Amino acid sequence: MEQSEGRETYVPGRDTGRRLGATDIGQGLGERATLVQFSSAFCQPCRATRRVLAEVAAMVPGVAHVEIDAEGHLDLVRELRVLKTPTVLVLDARGHVVRRAAGQPRKADVIAALGEAV
């Protein structure tokens with residue numbers, strides 16, 4: 001698992017019809033959207049990403065933040081093609097991936113990406 005060195009790159013998600021739910025991510029989806037963060041233990045950008053996503057989730061009603069240990073969920077990492085940490089998936093209320101990013105995001109970029117999900 002690679003760790004990211006730079007800023008995030010948001011790209012449109014490819015909706016394959018696969019929806020992520022509570023059994024996949026370990027907790028329920030947000031009412032409006034969910035920010036799913038894949039992290040690894042020694043990833044410094046993951047800590048900063050955790051803070052940014054938690055702040056955004058607290059600011060935007062109906063948005064949940066879920067952090068997943070990539071090393072502990074290798075099947076899901078492979079299925080979703082998570083190649084480095086942190087990787088952030090923005091899910092809509094139904095669990096479809098609408099945006100994804102690799103690297104440490106800026107708060108403004110996360111808020112903008114949520115605009116596609118809500």
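I counted secondary structure first: the protein has four helices and seven strands. I took helices (H or I, at least four residues) and strands (E, at least two) as DSSP runs, numbered from the N terminus. Along the sequence I read the pattern β-β-α-β-α-β-α-β-β-β-α.

**Ground rules**

I am working with a predicted model, where local features need pLDDT of at least 70, side-chain atom pairs count only at pLDDT 80 or more, and totals for chains, interfaces and linings use all residues. Residues are numbered from 1 along each chain as its sequence is written, and side-chain values use heavy atoms, with hydrogens and water left out.

**Confidence**

I looked up pLDDT, the predictor's confidence in each residue, from 0 to 100. The mean for the protein is 88, and 86% of its residues reach 70 or more. Residues 1–6 fall below 50, yet this stretch has 22 contacts in the model beyond near neighbours in sequence. A contact here means heavy atoms within 4.5 Å.

**Overall packing**

I then looked at contacts across the protein. Of those between residues at least 6 apart in sequence, 76% join residues at least 24 apart. Next came burial, with these cut-offs: buried is under 20% relative accessible area, exposed is over 50%, and partly exposed is in between (1.4 Å probe, protein chains only). Of the 118 residues in the protein, 48% are buried.

**Strands E3 and E4**

I turned to strand E4, residues 63–69. E4 is mostly covered, with five of its seven residues buried. Its partner is strand E3 (residues 33–39); the two run parallel and are joined by seven bridges. For pairing I required at least two DSSP bridges between two strands. Which residue in E4 stands opposite Gln 37? I found Glu 67 there.

E3, helix H2 (residues 44–59) and E4 make a right-handed β-α-β unit. Right-handed means that, with the strands pointing away from the viewer, the path from the first strand over the helix to the second runs clockwise.

**Salt bridges**

How many salt bridges does the structure hold? I noted six. The criterion was a side-chain nitrogen of Lys or Arg within 4 Å of a carboxyl oxygen of Asp or Glu. I wrote up three pairs.

*Arg 94 and Asp 92.* Their side chains meet in a salt bridge at 3.3 Å, N to O. Arg 94 is exposed at 52% relative accessible area. Asp 92 counts as buried at 9%.

*Arg 99 and Glu 116.* These side chains also form a salt bridge, 3.3 Å from N to O. Arg 99 sits in strand E7 (residues 97–102) and Glu 116 in helix H4, so the pair ties together parts that are 17 residues apart in sequence. Arg 99 is buried, with 18% relative accessible area. Glu 116 is partly exposed at 46%.

Asp 109 forms a salt bridge with Arg 106, and the closest N and O atoms are 2.9 Å apart. I found the two side chains listed as a polar contact too, at 2.9 Å. That term covers a pair of N or O atoms within 3.5 Å; within protein, one must be able to donate a hydrogen and the other to accept it, and residues adjacent in sequence count only if both atoms are side-chain atoms. Is Asp 109 buried or exposed? Asp 109 counts as buried, at 18% relative accessibility. Arg 106 is partly exposed, at 44%.
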